Amino acid sequence: MRKVGFTSTIPLEVVVAAGAVPVDLNNVFITNPESYSLIEDAELAGFPRNVCGWIKGIYGAVVSSGLTEMIAVTEGDCSYTKALMEVLSLQGVKVYPFAYPTSRSADLLKVEIETLMGHLGVDWEAVQAAKERLDRIRVKVREIDRLTWQEDKVTGEENHYFQVCTSDMNGDPDTFEAEVDALLAEAVHRPARRDRIRLAYLGVPPILSGLYDFLESQGARVVFNETQRQFAMPYGLPDLVEQYRAYTYPYDIFHRLEDIVRELKARRVDGVIHYVQSFCFRQIEDMVLRKSIDLPILTLEGDKPSSVDARTKIRVEGFLELLDDRQG
């Protein structure tokens, strides 16, 4: 069956309308048991050491999976994507560029979506039908998010997993929906959790494993996963173009901040963990966040796939002690 990979969240409806299997290459990379070796393969192929681990992991994921068709987000995501697109094109991969306009212009975004539709051979009727199908799943994932912060019945890890998977519906919307249904059926019967500290997680999903479990072992829980929630298209907008204009991740930090500040207040967050990826331009946004958010912020940095290390654990423990003292 035809598979179409992509480097970042794109209008998933177009790929589904084409009858193709959507493949978020970030998920393929990070869930690979040999994810570290994918980075090593990229470096052996010539990628510099001081290039973002996600880009090298995506390269390794494409090569190892044998994908021959992919969409590269050339504006609104990693600044290295254009070079990655060129390297993969030389290796015979058919690459379609997609750009989120910096201006958030509806007209320009519609042109980008229609260009992508032309590449994949679909029309608006098919895309709208795919949107209605995907939106039914997104509504259920929004309920998982609500159970996380309003009823305290879902863990930060579960919240992260189900929202991040909406980027490609795990390649199979029907199977993914059944997994969502199973979690919902079980979670509603759980007793409410009694975590001392409520956290927000800002930034890209972590390349580190074990962070959520460690936080909960210390009496804290993430009740707001910023970017992962955006993957799930949280606003329920019926118009496809407006849906991807409202999606905050590819646009400027101030557009993101409107959503962040609103959710921090609604979810009664005590403190913020801001994750940044080594060698990523988004590290600079940490300065803006610190000046714009009136809550304690701990910035964590990751480079390559690994478990949370001892130094990071010590920093997290110190941060949680600070938040405990503020509550006392």
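**Cores, pocket and cavities**

Leu199 is in contact (heavy atoms within 4.5 Å) with Leu215, Ala220, Arg221, Val222, Val223, Phe224, Val269, Gly271, Ile273, Phe319, Leu320 and Leu323, leaving aside residues up to four places away in sequence. The model is predicted: local features need pLDDT of at least 70 and side-chain atom pairs pLDDT 80 or more, while totals for chains, interfaces and linings use all residues. Residues are numbered from 1 along each chain as its sequence is written, and side-chain values use heavy atoms, without hydrogens or water.

**Nonpolar cores**

- A nonpolar core is a set of buried Ala, Val, Leu, Ile, Met, Phe, Trp, Tyr and Cys residues joined through side-chain atoms within 4.5 Å; buried means under 20% relative accessible area, with a 1.4 Å probe and protein chains only.
- The largest such core holds 70 residues, and Ile71 and Leu199 touch the most other members.
- Helix α7 (residues 124–149) gives the most to this core, six residues; helices are DSSP runs of H or I with at least four residues, strands are E runs of at least two, and both are numbered from the N terminus.
- Another core, of 19 residues, lies apart from the largest one and includes Val23, Phe47, Ile58 and Tyr59.

**Largest pocket**

- A pocket is an open set of points on a 1 Å grid over the protein atoms alone, with protein on both sides within 12 Å along at least five of seven lines; lining residues have an atom within 4 Å of a point.
- The volume of the largest pocket is about 800 Å³, taken as the space filled by probe spheres set on points joined across faces, edges and corners.
- Its lining has 43 residues, with Asn26, Ile30, Trp54, Pro205 and Pro206 closest to the centre.
- Elements that each supply at least two lining residues include α2 (25–31), α4 (53–65), α8 (156–164) and β6 (208–209).
- By class, the pocket lining has 21 nonpolar, 17 polar and five charged residues; Ala, Val, Leu, Ile, Met, Phe, Trp, Tyr, Cys and Pro count as nonpolar, Asp, Glu, Lys and Arg as charged, and the others, Gly among them, as polar.

**Cavities**

- A cavity is a set of grid points where a 1.4 Å probe fits but cannot get out, and two cavities of 30 Å³ or more are counted.
- The largest cavity has a volume of about 90 Å³.
- Of its 13 lining residues, Gly203, Val204, His274, Tyr275 and Arg282 lie nearest the centre.
- Strand β8 (residues 271–277) gives the largest share of this lining, four residues.
- The second largest cavity, of about 30 Å³, is lined by Met233, Pro234, Tyr235, Gly236, Leu237, Gln243 and Ala246.

Note on methods: Buried means under 20% relative accessible area, exposed over 50%, partly exposed in between (1.4 Å probe, protein chains only).
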